[in-house]
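Welcome, and please take a look at the structure below.

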Amino acid sequence: MPFIGKGGAMPRMSKDEAYLRIAEVLAWRSTCLDKKVGCVITNHKNEIIATGYNGAPRGKIHCIDTGVCLVEALASKNFCPSAHAEQNALLQCRVPEQIHTIYTTLSPCVNCIRIINNTPCKRIVFLTLHINVAARNMWEGEFIHYEFNRSISGHQKIS
């Protein structure tokens, strides 16, 4: 049963939760068979300025269309044609100087952190910690791991 707040209404979700839920929806657009990742970028006013999801470049063959994951087939991530969700969102961002927070379903990898470090981003909020935790050591801003209760009633801040 969902939590009921004052006056019998469900409590309003935080902006962090709302943007992470949008990132989850964007992950469904992914064309990757290995991981489905979504990303939302906001400015200092908490306005969405870009979104992205992982997948092969426009006009290229997508793994989801062939049913074959190149990472698995070739046993190497070096042959994966997909761009990461964060990379695609950053490419869509018209004014990178406004980047304040990146919301992503999977914490950024080392290569994405290298790119993010060249922006004014202050916060990264994510749902799942990437297997390669070395990226965390390269990031100096806020690194916030959230876990949702699966109802829409709220989330728990993990760290």
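Here are some notes on a serine and on the open spaces.

This is a predicted model, in which local features need pLDDT of at least 70, side-chain atom pairs count only at pLDDT 80 or more, and totals for chains, interfaces and linings use all residues. Residues are numbered from 1 along each chain as its sequence is written, and side-chain values use heavy atoms, with hydrogens and water left out.

**Serine 30**
- You will find serine 30 in the loop between helix 1 (15-27) and strand 1 (38-42).
- Serine 30 counts as buried because its relative accessibility is 2% (buried means under 20% relative accessible area, with a 1.4 Å probe and protein chains only).
- Beyond its neighbours within four places in sequence, serine 30 is in contact (heavy atoms within 4.5 Å) with Lys35, Lys36, Val37, Tyr53, Asn54 and Ile64.

**The largest pocket**
- The largest pocket has a volume of about 560 Å³.
- A pocket here is an open set of points on a 1 Å grid over the protein atoms alone, where a 1.4 Å probe fits, with protein on both sides within 12 Å along at least five of seven lines; lining residues have an atom within 4 Å of a point.
- A volume is the space filled by probe spheres set on the points.
- It is lined by 24 residues, of which Lys35, Lys77, His84, Cys109 and His130 are the closest to the centre of the largest pocket.

**The second largest pocket**
- The second largest pocket holds about 340 Å³ of space.
- Among its 14 lining residues, Tyr53, Ala56, Arg58, Asn88 and Gln92 are the closest to its centre.

Note on methods: Helix = DSSP H or I, 4+ residues; strand = E, 2+ residues; numbered from the N terminus. Buried < 20%, exposed > 50% of the residue type's maximum accessible area, 1.4 Å probe, protein only.
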